[in-house]
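Biologist: I'm new to this one, so please start with the big picture and then zoom in on a single part.

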Amino acid sequence: MIDPVLLRENPELIKRSQEARGDSVAAVDSALSADAARRAAITSFEALRATQNQFGKRVASAPPEEKKALVAEAQSLAAEVKAAGAAAADAEARFTTIVRSIANPVIDGVPSGGEENFTTLRTHGETPTFDFEPRDHLELGELLGAIDMARGAKVSGSRFYFLRGIGARLEIALMNMALDHALAAGFVPLITPTLVRPEIMDGTGFLGEHNDEVYYLPGDDLYLTGTSEVALAGYHKDEILDLSAEPLRYAGWSTCYRREAGSGGKDTRGIIRVHQFNKLEMFTYVLPENAEAEHDRLVALQEDMLQALGLSYRVIDVAAGDLGSSAARKFDIEAWVPTQGAYRELTSTSNCTTYQARRLDIRYRTESGKTAPVATLNGTLATTRWIVALLETHQQADGSVRVPEALRPFLGGLELLEPVSRP
């Protein structure tokens, strides 16, 4: 939910954001109208309730011969108060419905447009070249005995897989390396629930336009999460946080589930776009004025990981039309995948400003003693998809794969992944 004060005082800013996203600008005018009606209804209700309270005192002190008439008048006034209360509740509900359709206002500098309109902020590393025909990650994974797509499909259907042998060890090593990075940076590790209530899923903004990407269990009224961000955002729901010393930083380790309903025919080979994967997600609660600096901090941690793994990548500022409803700005880091001749997303890092906190009622206490919503940010530190870039970048002609030095301690010192079958 957007800030209603910002809506009233600077609706043009929100309209510009809606336009940059390709969303409805008219929704802002509708929200303004609904807000005015809401405040008028609340004012009317409160005035009638104040009159009712004063009248109640008059009835209490009236002489017996006047009370009968006054009681009848009080009953009529009570009916008016009840009707005004219902009207205020209806106006509040209408305003909430309309304003929740408006996405988080984007931060100044976010490029307008859709998926292809991102801005490249920087690149790192030379794209790898080979004196042999490079194999893609699935062929390498099969040679190494690391990835088994056929049996994944047999057991669970398309876009499922088994990581076996060194593949399973490689994922666990990546996740542990990321966890070490997070611990060194002051993050508290959490293994999160992967089933959450509707109000938590909705509070993070995941039940909007991408609702069809989410698995739902109607018998339990629970959602499977596509990222631990959802559970981490709900962790402090309805709480007042103390952020006076420093932000609260968590690293959530979880299995993630995505229906990928809108990606038919895309990336069906291998483990780039799958229904289930593991991920270590950073999540922070910060004072709103520190959110942009925290955003840069999260990206720096991701870049440290990617550089340690010897991957070439670029950092992009995602265009407004490609942002989710909760993100005011998102930086993606895309690693070079040699056989595709393209950069592919490995991490996303979003500054959600106060949008999620307003919906989940997560606040901090200001110097005046009043409460205000915190800002929330999230960012990937490792996930199953990283295996794709690792295998393809560090492959050798015989189908073996060099292990980056920084990852070796998490694989028992192993320096080379060797084929278990002949190329």
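How many helices and strands are there in the protein? After that, I'd like a close look at helix α7: how is α7 placed against helix α10 and against helix α12?

Modeller: Before we start, this is a predicted model, so local features need pLDDT of at least 70 and side-chain atom pairs count only at pLDDT 80 or more, while totals for chains, interfaces and linings use all residues. Residues are numbered from 1 along each chain as its sequence is written, and side-chain values use heavy atoms, with hydrogens and water left out.

To your count: the protein has twelve helices and 18 strands. Both are DSSP runs numbered from the N terminus, helices being H or I with at least four residues and strands being E with at least two. The C-alpha trace spans about 105 × 45 × 45 Å along its principal axes. Of the 423 residues, 48% count as buried, where buried means under 20% relative accessible area, exposed over 50% and partly exposed in between (1.4 Å probe, protein chains only). Take contacts, meaning heavy atoms within 4.5 Å: among those between residues at least 6 apart in sequence, 73% join residues at least 24 apart.

Now for α7. It covers residues 166-184, and its 19 residues should span 27 Å at 1.5 Å a residue; the end C-alpha atoms are 27 Å apart, which agrees. Just after the helix, Gly-186 takes a positive phi of about 90 degrees.

Let's take α10 (residues 291-308) as a partner. Its axis and that of α7 come within 11 Å and cross at roughly 135 degrees. Axes here are lines fitted to C-alpha atoms, for helices over the stretch in contact, and angles run from 0 to 180 degrees between N-to-C directions. α7 and α10 are therefore oblique to each other: under 35 degrees counts as roughly parallel, over 145 as roughly antiparallel, 65 to 115 as roughly perpendicular and the rest as oblique. Leu-174, Met-177, Ala-178 and His-181 of α7 meet Leu-301, Asp-304, Met-305 and Ala-308 of α10. By class, that contact has six nonpolar, one polar and one charged residues. For the classes, Ala, Val, Leu, Ile, Met, Phe, Trp, Tyr, Cys and Pro count as nonpolar, Asp, Glu, Lys and Arg as charged, and the others, Gly among them, as polar.

Next comes α12 (residues 386-393), which packs with α7 at an angle of about 110 degrees, the axes being 11 Å apart. These two are therefore roughly perpendicular to each other. On the α7 side the contact uses Gly-167, Leu-170, Glu-171 and Leu-174, and on the α12 side Trp-386, Ile-387, Leu-390 and Leu-391. Here too there are six nonpolar, one polar and one charged residues. Eight of the eight residues of α12 are buried, so α12 is largely enclosed by the rest of the structure.

Ala-146 sits in the loop between α5 (137-143) and β2 (147-148), and with a relative accessible area of 5% it is buried.

Terms used. Expected span 1.5 Å × (residues − 1).
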